[in-house]
Amino acid sequence: MRNLLPALMLATVLLPASAGAQVIDASDAACRPGDSGCARFVGDVKGSMPKRGGAKQPVVIGTSVYMLTPWQAERERRCLALAGWAEARGEGADAMAAVMWVVANRAASADQPSLPCRVIVAAGQFEPFAVPPVEPKTREKHGKTAKQRATQREKAAEQAKLAADPRVEARRILAEIRRQARVIRAGGMPSWPKPRLTADQEALQIARGLAWNLNDDDMPDPTARASLFYSPPTQAALRRQKPDWAEARLHTTSIGGHAFYRYPSPPAETAPTKPADPIGTLVAEISE
């Protein structure tokens, strides 16, 4: 596990999309003229977040139509945006959209229908949203000496200097995503992270727009209905082989640093019953 963080940071390096993949860019994250709800969601205009309760309305996410209150719709779209941004913020709009489509496809699975927020925090799924290991607490003496206060000031100054270091920022963002995962598991509304690097800020705004527009009419699925993915660069960095589950799945495309898979269709002549496609390890390289 000590090599996990460097490998995860490697996975966010910008890589070109495969030639066969449908290219999605930042323009696909733009709000339609007059769509005030989208403009508020992506942060273009100020507005209050929907309150709990209210009438349920049809909301299209991916290929599914959900009956959700405005508050519930906001929550599910935030989960989509956070998943895409956390997994692929350094790989471009197409990679973030591809991750979101995997979440939407899994939520729409006939075997295990669910909602995006439940998908991303399910056990063994997206590593940034995983439950971190519990570290033993150490007892601290009450009261601080002048030396301790000076040490804290030095540490704060050192952290300020390191704030622009992408490696430090990656660790800070991972901790923030895991805090939001706890909020999601508790049924609450996740907050937007506050990235310090300009590239991450821009990627987050794009992710928010992509999540709002994630449907077949505005943004067709570039993964060809993939329900799993893994990162070959991360696997290589961890000195691991291609995951076993990938051998039994159909490779649909590669986008950014991720390879996408779905369960193959049964032969037409025999038309057997499609076996269940259980929720496996979406980010196979982090399972132990």
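Met96 sits in helix H4 (residues 93–107); helices are DSSP runs of H or I with at least four residues, strands are runs of E with at least two, and both are numbered from the N terminus. This is a predicted model: local features need pLDDT of at least 70, side-chain atom pairs count only at pLDDT 80 or more, and totals for chains, interfaces and linings use all residues. Residues are numbered from 1 along each chain as its sequence is written, and side-chain values use heavy atoms, without hydrogens and water.

**Met96**
- Met96 is buried, at 1% relative accessible area (buried: under 20%; exposed: over 50%; partly exposed: in between; 1.4 Å probe, protein chains only).
- Beyond four places in sequence, Met96 touches Gly84, Trp85, Ala88, Arg89, Ala203, Ile206, Ala207 and Leu210 (contact: heavy atoms within 4.5 Å).
- Leu82 is 14 residues from Met96 along the chain, with 9.5 Å between their C-alpha atoms.

**Hairpin S1–S2**
- Strands S1 (residues 57–61) and S2 pair antiparallel over five bridges (pairing: at least two DSSP bridges).
- Two residues separate S1 and S2 in this hairpin, and Gly62 in the turn has a positive phi of about 70°.
- Ile61 stands opposite Ser64 in S2.

**Confidence**
- Mean pLDDT of the chain is 81, and 74% of its residues reach 70 or more (pLDDT: the predictor's confidence in each residue, from 0 to 100).
- Over residues 1–21, pLDDT stays under 50.
- Where pLDDT is low, predicted coordinates should not be read in detail.
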